[in-house]
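Hi,

Here is the structure for you to look over. My notes come after it.

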Amino acid sequence: MKDKIYLGLSILLIFALFLAIVSGDVTVGVLDNTLPYHWIALLIFCLLLPILNVAEIIINRDSWNVLYWIALLLNAVAIFFVTRFFKIELL
């Protein structure tokens, strides 16, 4: 049951990020600019959801559940889109 919840939240996060990116109501560039509330919530979920997902994968080591891994992959894609949108260079 938890695996489906994490997968659903990851899919919801991806769709919400796409909608926020397409709406384009934020000034892209520096994070010192003020952000709307929906971007703050999306950034919190974008950082918190992968941590919770990895914790569930570590706790449930005995059962290899594909849904946790798909959700973690979607979380990595969401983080990639956030870093590209705000032009954050990791290297």
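Below is what I found, starting with the overall fold.

This is a predicted model: local features need pLDDT of at least 70, side-chain atom pairs count only at pLDDT 80 or more, and totals for chains, interfaces and linings use all residues. Residues are numbered from 1 along each chain as its sequence is written, and side-chain values use heavy atoms, with hydrogens and water left out.

**Overall**

The protein has 3 helices and 0 strands. Helices here are DSSP runs of H or I, at least four residues long, and strands are runs of E, at least two, numbered from the N terminus. The order from the N terminus is α-α-α. Of the 91 residues, 29% are buried. Buried means under 20% relative accessible area, exposed over 50%, and partly exposed in between (1.4 Å probe, protein chains only). Contacts are heavy atoms within 4.5 Å. Among contacts with a separation of 6 or more, 69% join residues 24 or more positions apart.

**Helix H2**

H2 covers residues 37-59. Its 23 residues reach 33 Å from first C-alpha to last, close to the 33 Å expected at 1.5 Å a residue. The expected span is 1.5 Å times one less than the number of residues. Buried residues of H2 include Trp39, Leu42, Cys46 and Leu49. Their cover includes helix H1 (2-23) and helix H3 (66-85).

H2 also contains Tyr37, which is exposed at 76% relative accessible area. Tyr37, Ile40, Ile44, Leu48 and Leu52 make a nonpolar surface patch of about 530 Å². Patches take residues with over 30% relative accessible area and no salt bridge; nonpolar side chains (Val, Leu, Ile, Met, Phe, Trp, Tyr) are joined within 5 Å, like charges within 9 Å. An α-helix has 3.6 residues a turn, so residues three or four places apart point the same way.

**The salt bridge**

There is 1 salt bridge. That term means a side-chain nitrogen of Lys or Arg within 4 Å of a carboxyl oxygen of Asp or Glu. Lys2 pairs with Glu56, with the closest N and O atoms 3.2 Å apart. Lys2 is in helix H1 and Glu56 in helix H2, so the pair ties together parts 54 residues apart in sequence. Lys2 is partly exposed, at 47%. Glu56 is buried, at 9%.

**Ser10**

Ser10 sits in helix H1. It is buried, with a relative accessible area of 1%. Not counting residues up to four places away in sequence, Ser10 touches Leu49, Ala71, Leu74 and Asn75.

Best wishes

Terms used: Accessible areas come from the Shrake-Rupley method with a 1.4 Å probe; for residues, only the protein chains shown count as cover.
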